[in-house]
Amino acid sequence: MSWAGWKVRLREVRPADHRTLIGFDRASDRQIGGYRHWATHRGAADSGEDFHFAIETLHNRTLVGSIWIQADPATGHFSYGIGIGPQYRRCGYAADAVRVLLAYMFELRRYRKCEVSINGSNFASLALHGELGFREEGRPRDTELRRGEVRYPVLMGITAEGFAEHQPAFVAARGPVRPWRGRHWRTPRRGRHWRTDHLRPAR
């Protein structure tokens with residue numbers, strides 16, 4: 001199964017994806033403590049309520065990244081890690097993938113809250129989650145020193161109600177999920193800096 005947004009869809013990770021995902025990891029090795037597409041999640045993916053999805057573009061079905069979800073049905077909370085290949089960043093793929101994931105987990109799986117921990121020096125990720133409607137919930141005192149850099153986590157969260165309020169155009173126009181429409185279906189090209197925030201809901 002797969003779930004589509006405006007620019008990407010989430011689908012199962014296939015054996016043919018492994019080499020590309022490992023290549024993303026190698027290209028990002030200089031980013032200490034960053035998301036690892038394959039090595040970190042290889043043993044934990046698809047166990048219980050943990051899932052590892054590939055992120056694929058709708059335009060030409062290119063594998064651009066992956067997302068790993070950890071969920072706790074007992075509490076109704078879940079978290080995730082997401083990574084986009086270095087050559088595919090700043091194209092809106094991460095934001096669209098997270099929107100699809102939140103819609104799927106909140107609407108279909110009936111989870112109540114998503115919580116993420118972000119490196120305090122990762123300003124791009126902090127800004128991205130802020131635009132998606134996440135709110136900062138705390139900054140633990142625990143810090144980590146790596147190669148002279150002090151690292152600290154920033155806890156951010158969003159509820160199902162908060163997502164529906166902050167992303168009305170996405171929820172109304174696309175619905176909670178959209179199935180894959182076939183290999184020849186294409187979205188209009190809007191340029192690499194096109195954003196979905198200004199879309200009007202579907203009539």
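**Helix H3 and its surroundings**

In helix H3 (residues 123-132), the buried residues are Ser 125, Leu 126, Leu 128, His 129 and Leu 132; buried means under 20% relative accessible area, exposed over 50%, and partly exposed in between, with a 1.4 Å probe and protein chains only. Viewed down the axis of H3, these buried residues fall within an arc of 160°, so they line one face of the helix; the arc is that of the directions from the helix axis to the C-beta atoms. On the other side of H3, Phe 123 and Ala 124 are exposed.

The model is predicted: local features need pLDDT of at least 70, side-chain atom pairs count only at pLDDT 80 or more, and totals for chains, interfaces and linings use all residues. Residues are numbered from 1 along each chain as its sequence is written, and side-chain values use heavy atoms, with hydrogens and water left out. Helices (H or I, at least four residues) and strands (E, at least two) are DSSP runs, numbered from the N terminus.

The cover over the buried residues of H3 includes strands E5 (77-84), E6 (113-119) and E10 (153-159), together with helices H2 (93-108) and H4 (160-166); contact here means heavy atoms within 4.5 Å. After H3 comes Gly 133, with a positive phi near 110°.

Helix H2, one of these covering elements, has 14 of its 16 residues buried, so it is largely enclosed by the rest of the structure. Just after H2, Arg 110 has a positive phi of about 65°.
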